[in-house]
Amino acid sequence: TSYWGQGVIPLTGPSSWHQSFPVAKDGSRQSPVDIRNEETERDPTLQPLVLKYDPRSSKTIANNGHSIQVDFDDTTDQSVLKGGPVTGSYRLRQFHFHWGSCDGRGSEHLVDGASFAAELHLVHWNSEKYADVANAAIEPDGLAVVGVFLKIGAANPALQKLLDAFDSVQKENTKADFKNFDPSTLLPPCLDFWTYLGSLTTPPLLESVIWHVLKEPITVSSGQMEQFRSLKFTANKPMQDNFRPPQPLKGRKVRRNF
Ligand SMILES: COc1cccc(N2C=Cc3cc(S(N)(=O)=O)sc3S2(=O)=O)c1
Ligand SMILES: [Zn+2]
């Protein structure tokens with residue numbers, strides 16, 4: 001079943017997920033959230049975020065019906081996240097995006113109520129404690145996801161390399177080779193971040209993610225956003241508005257390292 005409300009079956013959007021995934025409503029650490037910067041806490045004990053990516057670990061690009069995803073070889077510690085709030089090393093498994101039907105919306109996290117045109121998620125799992133992403137995804141410290149905002153501006157050449165591969169994954173459930181891609185080309189120069197304990201933002205909405213949302217966005221042009229919207233969703237619908245709205249903080253503190 002597809003979880004995104006493309007209008008075909010109105011009961012499949014984020015507002016109906018709680019029927020199959022009660023944690024959507026009953027959870028204490030759901031994501032995304034609206035980051036009210038005034039209410040975040042600067043934590044000088046936070047270590048710098050270290051993202052060490054090896055382009056030789058990139059494998060394929062896929063249209064999974066609700067996003068575009070690049071998968072990595074996570075059988076060894078080639079591409080890892082260290083530092084920030086976490087101890088140990090988290091292995092890069094995949095990255096994917098969320099975006100809107102227009103440039104004014106599309107990101108999952110908000111900053112002081114403001115949306116960005118899209119949001120990149122780099123998904124890592126705790127390879128020191130767990131055997132694989134599926135086992136890590138059910139643990140409170142299992143996953144570390146880095147969120148990067150995409151702000152409308154100059155066309156992004158690193159993103160264009162990805163967009164040029166979209167022709168081979170226009171349809172849902174298609175996959176193509178995507179080798180030698182360096183995800184660090186999608187990162188902003190400054191890795192200042194907000195961090196908080198949260199969840200997957202799509203079903204099964206597991207409360208296993210340590211979120212690291214970067215303060216500095218990368219740019220994307222309106223034309224490049226149109227290329228994201230040219231991808232096909234389930235039921236051949238245009239893939240867009242695949243973002244979950246912000247969820248209640250329920251007493252959680254968002255910390256920042258800047
Ligand atoms: C492959 O094996 C598994 C096993 C268990 C979960 C998942 N996942 C499903 C959704 C999901 C949503 C993410 S988001 N938007 O919060 O960054 S990250 C993620 S996942 O960990 O890939 C994959
Ligand atoms: Zn995501």
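**Close-up 1. Residues around ligand 1 in the predicted model.** The shell around ligand 1 holds 15 residues, among which Gln-94, His-96, His-98, Thr-201 and Thr-202 come nearest; a residue is near the ligand if one of its heavy atoms lies within 4 Å of it. By class, this shell has eight nonpolar, six polar and one charged residues, where Ala, Val, Leu, Ile, Met, Phe, Trp, Tyr, Cys and Pro count as nonpolar, Asp, Glu, Lys and Arg as charged, and the others, Gly among them, as polar. Strand 7 (90-99), strand 9 (118-126), helix 3 (133-136) and strand 10 (143-152) each supply at least two of the shell residues, and strand 7 gives the most, with four; helices (H or I, at least four residues) and strands (E, at least two) are DSSP runs, numbered from the N terminus. This is a predicted model, in which local features need pLDDT of at least 70 and side-chain atom pairs count only at pLDDT 80 or more, whereas totals for chains, interfaces and linings use all residues. Residues are numbered from 1 along each chain as its sequence is written, chains are lettered from A and ligands numbered from 1 in the order in which they are written, and side-chain values use heavy atoms, with hydrogens and water left out.

**Close-up 2. Polar contacts and cover of ligand 1.** A polar side-chain atom of Gln-94 lies 3.0 Å from an oxygen atom of ligand 1, while a nitrogen atom of the ligand is 3.4 Å from an N or O atom in the side chain of His-121 and a nitrogen atom of the ligand is 2.8 Å from a polar side-chain atom of Thr-201. Of the 510 Å² of accessible area that ligand 1 has on its own, the protein covers 78% (Shrake-Rupley method, 1.4 Å probe).

**Close-up 3. The largest pocket.** The space taken by ligand 1 is the largest pocket, which has a volume of about 450 Å³; on a 1 Å grid over the protein atoms alone, a pocket is an open set of points where a 1.4 Å probe fits, with protein on both sides within 12 Å along at least five of seven lines, and lining residues have an atom within 4 Å of a point. The lining comprises 24 residues, of which Gln-94, His-96, Val-123, Leu-200 and Thr-202 lie nearest the centre of the pocket. By class, 11 lining residues are nonpolar, 11 polar and two charged, and the largest share, four residues, comes from strand 7.

Close-up 4. Ser-31 and Pro-32 are joined by a cis peptide bond with omega about 0 degrees, and Pro-32 is found in the loop between helix 2 (23-26) and strand 1 (34-35). The bond from Pro-203 to Pro-204 is also cis, with omega near 10 degrees, and Pro-204 is found in the loop between strand 12 (193-198) and strand 13. Asn-173, a residue other than glycine, has a positive phi near 60 degrees.

Conventions: A polar contact is a pair of N or O atoms within 3.5 Å; within protein, one must be able to donate a hydrogen and the other to accept it, and residues adjacent in sequence count only if both atoms are side-chain atoms. A molecule sits in a cavity or pocket if more than half of its atoms lie within 2 Å of its grid points. Grid points are joined across faces, edges and corners, and a volume is the space filled by probe spheres set on the points.
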